[in-house]
Every structure is written in structure tokens, then in C-alpha cells.
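Have the model open as you read.

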Amino acid sequence: MPLEAIEEKLKRFFGPQYYVNKGKNHKELTPKRYWDDLNYLSAIYPDEKCLWVEFRHIETFDKEVSDFLLNNPDEWLQAATDAISELDFAVHKLPDIRIRVFGLPSDLEVGISKLRDIHMDTFLAIRCIVSKASEVRPAFEKAAFLCQRCGYITIVDQAKDSDTLLEPFAGCENDSCGKKGPFKRVKEGAVTYNHQYLKIQEPLETLRGKQPEFLNVSCSDEIAGIVNAGDKLVITGVLKGRPKTNKDGKLKFLEFIFVANSIEKSDADYENMEIQQDDIEYYKDLSRRGILKDYILGSIAPSIFGLEDVKLGIALQLFGGRPVIMPDGTRKRGDIHILMVGDPGVAKSQLLEFVANFAPRAISFSGKSTSAAGLTGAAVKDELDGKWWIQPGALTLADGGICCADEVEKMKAETLGSIHEALEQQMVHIQKAVKADLWTRTAFLGAANPKYGRYDNYAPIYEQVAHGDAFISRMDLLFVLKDKPNQTFDRKLAKHILQTLRGNNTTTEPKMDLEHFRKCIAYARTNVFPELTDESEEMIIDFFVKTRLSTEGKSDTVPITARTLEAAFRLATAHARMRLSETITEEDAKNAVELLLRNLKEVGVDPETGLMDADIIAAGKSNSQSKKIRDICKIIRDLSESEFSKNRSARYEDILERCSEKKINGAEEIIRKMAEAGDLLRPERGYYKLIT
Ligand code: ADP
Ligand code: MG
């Protein structure tokens with residue numbers, strides 16, 4: 001179809017007449033709506049020059065017109081501007097309205113890694129996350145050049161979205177001069193517009209562990225400066241190939257640049273998952289039959305044997321609590337943070353890998369190789385153009401999802417500090433050269449190997465994860481994973497692992513296929529918002545009061561703080577969500593509280609007194625009992641490492657003797673309990689050694 005015909009049709013599309021189409025369902029989609037918008041623009045012209053047009057309106061108006069847009073976007077956009085310029089309005093004429101088309105159907109979306117030469121110069125949509133955003137800078141629409149010989153000013157139209165400044169190559173436009181300069185660039189007659197570059201990457205949910213690919217985007221006028229690094233967007237525009245320049249200008253490769261026409265923010269986390277009514281019925285049916293939870297737990301890392309509580313924690317994390325906005329504007333997170341601390345070889349890394357690959361939006365990194373800036377984001381200066389960019393970190397990129405961190409103990413104090421701040425505030429503020437606030441509504445799943453190799457029951461947990469004290473107090477769940485020999489468990493574990501290695505999948509098949517599982521999470525997170533009932537509230541209060549009461553008068557430490565209360569609320573909410581229930585029942589509260597209690601016992605119970613001690617978990621003080629235990633461990637270690645030791649173990653009498661020298665009371669009792677707990681081995685009668 002020739003361009004003139006398109007322009008004629010566009011005049012009708014934007015024009016005043018009520019356009020009646022014979023087809024079905026076309027009534028609401030009359031061009032009338034743009035007529036009103038245009039008249040408004042006419043009244044305020046030239047303050048605003050932009051008209052937003054929804055793609056489906058064009059498509060239902062005339063398929064040929066919309067097809068033309070998709071295949072010849074530059075011509076189409078110009079034709080639309082021209083068509084409007086020929087219409088008459090009440091106040092001003094509209095000679096240079098910019099049309100911004102949004103709302104392309106999802107089948108016109110192309111992933112960044114799928115862009116090929118056939119996409120060049122077509123109209124398409126890209127779903128992405130902004131990885132860098134440059135400063136907004138004025139760029140020339142028309143540049144003015146003063147001829148130094150005759151004083152005449154030549155105006156040169158500049159190509160939009162190109163970095164090179166076009167000069168008056170044909171020479172001075174003054175007929176009586178016509179010389180090739182020299183010229184001086186001047187302000188008079190020059191026209192500028194706002195311009196910004198973005199660097200975008202594929203959304204995390206489409207990556208599943210792949211390396212992201214990037215694309216440069218050029219934004220002008222109204223859409224320059226409206227997004228931040230870390231924002232999730234759908235950008236429509238025209239893909240251009242721009243010659244890649246090297247020093248001698250001889251490269252024949254083109255570099256893609258996406259010239260944005262419109263930008264829509266897509267904030268919903270799981271927006272682009274298509275959940276069918278059938279799927280929802282299937283989940284609801286499982287939930288009614290009370291087996292949805294089993295199905296979910298049976299689908300979390302099925303190749304890993306045991307670790308039921310950790311898996312439950314992860315399931316709750318995937319479903320998530322709900323954020324609460326307080327009347328004063330502060331925000332309480334709904335994200336559940338989990339840290340696993342444990343002996344090597346207990347499948348911590350493997351669990352992380354599962355979550356990182358499975359969760360709809362996840363990012364993973366290792367504590368060994370991350371910096372604070374890499375996690376929370378930073379302002380960085382581009383080497384090429386010297387402009388400042390905002391570079392979001394892993395936590396910002398995973399906003400709305402899960403951030404998986406391995407080897408947390410290897411993180412620097414500074415890094416850990418900035419993580420826990422970002423996780424608690426749910427936002428990071430960058431204030432260097434450029435200012436930006438980036439969301440970090442991210443759930444954290446971390447794994448740490450104890451600093452000294454194996455987990456030491458008698459040392460406070462914060463000491464075993466380097467720099468971890470403040471960090472650890474922010475965790476909703478702390479799992480201690482000990483690798484203790486246990487015949488029955490070991491036999492089952494060995495069988496499970498060997499069966500998997502032999503390729504027998506019956507033991508490791510997920511109960512629900514992972515695509516269903518993912519959709520179930522997406523559905524629950526976007527549709528289910530459970531509320532506490534009076535009974536479930538009472539149950540959580542009870543847990544809080546009773547647990548704190550357990551130490552009343554016996555110790556000057558508290559077993560749990562109000563933070564644990566919030567954790568209980570989040571876990572109970574997530575548990576209800578996992579059942580697709582709009583109310584948090586007593587059952588949900590009970591499950592949450594019991595998980596927390598088991599969790600507290602694992603890490604916080606003073607092995608001597610049986611009392612729970614939040615100081616051990618969080619604050620960084622240990623009480624006298626655990627100090628005694630550590631002293632005894634040291635004595636045993638020293639004795640068994642001395643050159644007189646027998647079988648690298650310590651003689652019971654020698655231990656007791658040293659204990660009395662050091663005035664450690666009750667050593668017999670402590671040693672007996674340690675042996676019972678499996679932390680001491682008795683290689684032969686009268687001898688002890690540490691299990692490490
Ligand atoms: P970690 O990170 O805790 O040091 P890994 O995740 O690297 O441990 O696990 C070590 C290996 O042991 C993995 O190959 C894992 O499959 C296996 N393994 C350990 N515990 C289990 C388990 N409970 N079920 C299945 N495999 C396990
Ligand atoms: Mg590991």
C-alpha cells in the first residue's frame with residue numbers, strides 16, 4: 001500500500017468524524033478518542049507535543065495501517081505526524097506532533113538475545129530491565145554554524161539517535177559565499193531536545209542462569225529521563241543497525257540500537273506468565289484436597305534427600321509474605337530471608353542452584369567475588385562518553401524475586417553490611433554524581449560454610465559466619481546443617497544419591513512439574529493476599545509471650561525479639577498463601593510457629609541450660625555456659641594434638657585436670673552432654689576427641 005493511502009487513512013483515524021467499522025466489537029474503538037486528545041494538545045500547543053496511541057486501536061481501525069506500522073515504522077510515524085498537521089483544530093494547528101504507540105501484543109515482543117538482522121527497521125516491543133541509565137542531556141535537532149568568512153549562519157538538521165554531529169558539508173549556505181568554512185557552532189537558530197541512553201538487559205525470569213545480553217536504547221523528548229536503572233519495562237520502538245566504529249572506521253559490522261518510541265513500566269513481578277483457568281482449577285483442587293503443600297514440598301529440589309525444614313522454608317520464601325505499608329509511610333517487608341550455615345557437603349550449594357534456576361526471578365552470586373557496589377548498585381562513569389550511569393546491583397535486579405548467595409562467610413564486612421541494609425530498607429540510595437533510588441524488594445537465600453570448617457555447636461552462630469552478627473539478626477530463618485554420622489539416615493541418603501546417579505528418576509521426580517509449580521507461585525503471589533484471623537493472631541502472640549517467658553528470671557538474655565514476631569507473621573502469611581487461602585488460619589500460624597521454634601532450637605538454645613538465647617543468635621554476646629564449652633573444646637583439642645596423645649585423642653583424666661586448673665566447674669556434666677550430642681567421639685574407654 002502506498003504511503004499516501006496510509007496517510008489518508010491516518011487522517012481519518014485521527015480526524016473528527018465518528019468512524020464506524022462494519023466488523024464486530026469495534027464500537028468502543030472509535031478514532032474519536034484521539035480527536036479529543038488532539039484538541040487538548042491544540043489548546044496547549046506548543047507546551048506538549050506528544051500523543052499516545054494504543055496499538056490495538058490502530059489494528060482494529062485498519063489492519064493494513066497497523067501492518068504498515070510494523071514493517072515501515074519510520075515512514076508510518078512521519079505519515080501520522082503529517083496527517084495530523086493537515087487537520088484543523090479549534091486553537092492551534094499541530095504541525096509536529098510525535099506519535100507514541102504502546103501496547104503491542106505479546107507476540108510482537110522479541111527477547112534481546114533473539115534479535116537478528118530481520119528485525120532491523122521494524123516496529124517491535126522488548127521486555128527488559130534497565131541495567132544502566134545515562135544522564136539526560138540536550139542533543140541537537142538542528143545545529144547552527146556561523147561562517148567565519150561571511151558571518152552567515154547555516155542550519156543543519158541533525159539525524160536523531162545518532163552520535164555524530166552533522167556539519168555543513170556542502171559549505172556555507174550564503175549564495176555569495178559558499179565557502180567550506182571555517183565554521184563556529186553558535187546558539188542562535190540551534191534547536192535541542194532531551195536525550196538519554198539506556199542499557200537494557202533481558203528480564204531475569206527469562207534467563208534461568210544464562211548470561212544476560214544487553215542492548216542500547218535511545219530515548220528522546222518525553223521519554224528521556226523517566227526511568228531508573230532497575231526498572232522493569234516494555235519498550236516499543238524501532239531497531240536500528242548502526243555501523244560499529246573502530247579507529248580506522250573500517251568495520252563492516254553493525255551494532256544494534258533500539259530507538260524507543262514508547263515506554264511502559266511493568267511492575268508486576270510475574271506479569272508475563274500465562275496462567276490458564278485450567279491451571280488455577282488444578283491448584284485450587286489440590287488445595288481443597290489438602291495436598292497442595294505436599295505437592296509443593298515434593299517439588300523442591302527432589303534430587304536432594306531429607307532437609308524437610310529447609311525445603312519448607314524455601315517454599316514459604318518462594319510464596320512470600322506480603323509487605324505492609326504503615327500509616328506513616330514506612331514499609332514492612334514481606335520477603336522472607338533465609339540463611340543456611342553448615343558443614344561442607346550437605347547440599348547447600350545444590351539447594352541454592354535449584355532455587356536460582358527455578359524461581360521466576362532470581363539471581364545468584366558467590367560471596368567470594370562480590371563487592372558491595374555489585375550487589376546494591378553504583379554510579380559509574382562511562383569510559384567512552386564520560387557520562388555518569390547508574391549501574392544496578394544484583395539485589396536491585398532481583399527486585400521482586402530471590403537473591404541467592406553462596407559462601408556468605410567469605411563476604412567482606414562492608415558487603416554484608418550493605419546487603420542487610422538494602423534488604424531491610426527495601427531500597428538503596430545512590431548519591432554520587434547522580435542520584436537514584438533503586439528498589440530492593442528481594443528475598444535473600446544464603447549459604448555459609450562455618451569459618452572454621454565445621455559447625456561448632458558451642459560457639460555462637462554469628463562468630464562462625466564472618467562479620468555476620470547484624471546480618472544474622474535480619475534472617476527470618478536460620479538453618480544449621482550438620483553432617484553427623486547416623487546409620488539409618490546415611491543408608492537412605494546413600495541409596496537416594498546412588499539411585500539418582502544410576503539414572504533412576506522415580507525417587508527424584510518432582511511431584512508437580514516445575515512449570516506448574518512456577519505458575520502456582522505466580523498465581524498465588526499476584527492473587528492471594530491472606531489476612532490474619534483473631535485466632536491465628538492469638539496463637540502468634542502466645543508463641544511470642546511463652547517463648548520469652550521461658551527465660552524469665554533465669555537469665556538476663558531474651559530468647560526472641562519483636563523481629564521474630566514479624567518473622568512469624570510473614571511465615572504464617574506465606575503458609576496461607578501456599579494453600580491459596582485468603583485467611584491465615586490457626587493451622588498456618590501453628591506451622592509457622594513450630595518451624596520457628598525448631599529453628600530457634602537449632603541455633604539459639606544454649607546446649608547447657610536448654611534456654612533459648614537470642615544473644616547467641618544475634619547480638620554477639622555469648623553467655624558463660626557456652627564459653628565454658630568452648631574452653632573445654634580447646635583443652636581437648638590441645639591435648640589431642642600434643643605429641644603425647646594417643647590416637648589423636650585426649651585422656652579423660654587429663655581433660656578434667658586441666659579443667660580444674662582453669663576453674664571450669666561442672667566439666668564432667670558438659671563432657672557427658674557433648675558426647676551424647678555427638679560432638680565428642682569416644683574412640684576408646686577413657687579417651688575423647690572432637691569430631692572435627
Ligand atoms: P555444600 O555446598 O553444602 O558444601 P554441595 O551442595 O556442594 O554441598 O553438595 C555436595 C554433594 O553432596 C552434592 O553433589 C550433593 O548432591 C550431595 N549431597 C549432599 N547431601 C545430599 C542430600 N541430602 N541429598 C542428595 N545429595 C546430597
Ligand atoms: Mg558449597
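Start with helix α1 (residues 3–14) and helix α5 (residues 73–85), whose axes come within 8 Å and cross at roughly 55°. Axes here are lines fitted to C-alpha atoms, for helices over the stretch in contact, with angles running from 0 to 180 degrees between N-to-C directions. Helices are DSSP runs (H or I, at least four residues) and strands likewise (E, at least two), numbered from the N terminus. The two helices are therefore oblique to each other; angles under 35 degrees count as roughly parallel, over 145 as roughly antiparallel, 65 to 115 as roughly perpendicular and the rest as oblique.

This is a predicted model, where local features need pLDDT of at least 70, side-chain atom pairs count only at pLDDT 80 or more, and totals for chains, interfaces and linings use all residues. Residues are numbered from 1 along each chain as its sequence is written, chains are lettered from A and ligands numbered from 1 in the order in which they are written, and side-chain values use heavy atoms, leaving out hydrogens and water.

| Helix pair | Axes within | Crossing angle |
|---|---|---|
| α1 (3–14) and α5 (73–85) | 8 Å | roughly 55° |
| α22 (652–661) and α23 (667–676) | 10 Å | roughly 130° |

On the α22 side, the contact (heavy atoms within 4.5 Å) uses Y652, I655, L656 and C659, and α23 brings A667, E668 and I671.

Now for the second largest pocket, with a volume of about 750 Å³. A pocket is an open set of points on a 1 Å grid over the protein atoms alone where a 1.4 Å probe fits, with protein on both sides within 12 Å along at least five of seven lines; lining residues have an atom within 4 Å of a point. Grid points are joined across faces, edges and corners, and the volume is the space filled by probe spheres set on the points. Of its 27 lining residues, F305, L307, V346, K482 and F489 are the closest to the centre. The biggest contributor to this lining is α15, with 7 residues.

Finally, the backbone. Y45 and P46 are joined by a cis peptide bond, with omega about 0°, and P46 sits in the loop between α2 (32–44) and β1 (50–54). A301 has a positive phi, near 40°, and is in the loop between α7 (292–297) and α8.
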